[in-house]
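Open the model in your viewer and colour it by secondary structure. The stops below go from one selection to the next.

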Amino acid sequence: MDYQEVKRNIQNEFLLAKCIFGGLPLGIGSLMIISSPVEKSTSSELLVFGACAATFGLYWIRKLSGRLRERLALYDLLEKKTYAWYRSAHPESAQAGRVSCHQCGSRKINVRGLGSHTYHCQHKCVECGHTLFYSPELSA
Ligand SMILES: [Zn+2]
């Protein structure tokens, strides 16, 4: 799996989402605020709608930025914490193809799909709940 390409794609998807859900309402809202005539009584509606749209846009820009950081951090983790990494970091816990938990020594390791289109599995100790490493899902 090419993690750099996956991360680039995620960044592009979020940039598009930020433009549509954030930039568009923020831009339209700002225009409404700027173009509302100060002295007319009807201007307050334009101002209120504009402020709502701009706030909505800012909210989504902030929210999507946070989600993007989380996604990228997750892929950093998936890229780093592989079986090869686990074997070199804890050689005593990965001998002759037998994996055990380096925290508690248990050999009961649960493998479950991470979901959310990550196509990765999490290898987790059943006894203490520690995550040992991640692996790409085997494609059929
Ligand atoms: Zn454990």
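Start with the largest nonpolar core of this predicted model. Select L78, C101, C125, L132, F133 and Y134, the 6 residues that make up this core. The strand β5 contributes the most to the core, namely 3 residues.

Next, keep C101 and show its contacts. Leaving out residues up to four places away in sequence, C101 touches S93, S106, I109, C125, E127, C128, H130 and L132. Two of these partners, C125 and L132, are also listed in the core.

Now display the strands. Three of them form an open sheet in the order β3-β4-β5, paired antiparallel. At the edges are β3 (109-113) and β5, each pairing on one side only. From one strand to the next, the twist averages 25°. Zoom in on β4 and β5: the two run antiparallel and are joined by 5 bridges. Find Q122 and look across to β5, where Y134 stands opposite.

Then select residues 43-80, helix α2. The helix has 38 residues and reaches 55 Å from its first C-alpha to its last, close to the 56 Å expected at 1.5 Å a residue. Which residues of α2 are buried? They are G50, A53, G57 and L78. The cover over the buried residues of α2 includes α1 (3-35), β4 (120-125) and β5 (131-136).

Finally, zoom out and colour by domain. The domain assignment gives domain 1 as 3-80 and domain 2 as 83-136. The C-alpha centres of domain 1 and domain 2 are 38 Å apart.

Terms used. Residues are numbered from 1 along each chain as its sequence is written. This is a predicted model: local features need pLDDT of at least 70, side-chain atom pairs count only at pLDDT 80 or more; totals for chains, interfaces and linings use all residues. Domain bounds come from an automatic or database domain assignment. Helices (H or I, at least four residues) and strands (E, at least two) are DSSP runs, numbered from the N terminus. The expected span of a helix is 1.5 Å times one less than its number of residues. A residue is buried if 20 or more other C-beta atoms lie within 10 Å of its own, exposed if 12 or fewer, and partly exposed in between; C-beta atoms are placed from the backbone. Two residues are in contact if their C-beta atoms, placed from the backbone, lie within 7 Å. A nonpolar core is a set of buried Ala, Val, Leu, Ile, Met, Phe, Trp, Tyr and Cys residues joined through C-beta atoms within 7 Å. Two strands pair if DSSP finds at least two bridges between them. Axes are lines fitted to C-alpha atoms, for helices over the stretch in contact, and angles run from 0 to 180 degrees between N-to-C directions.
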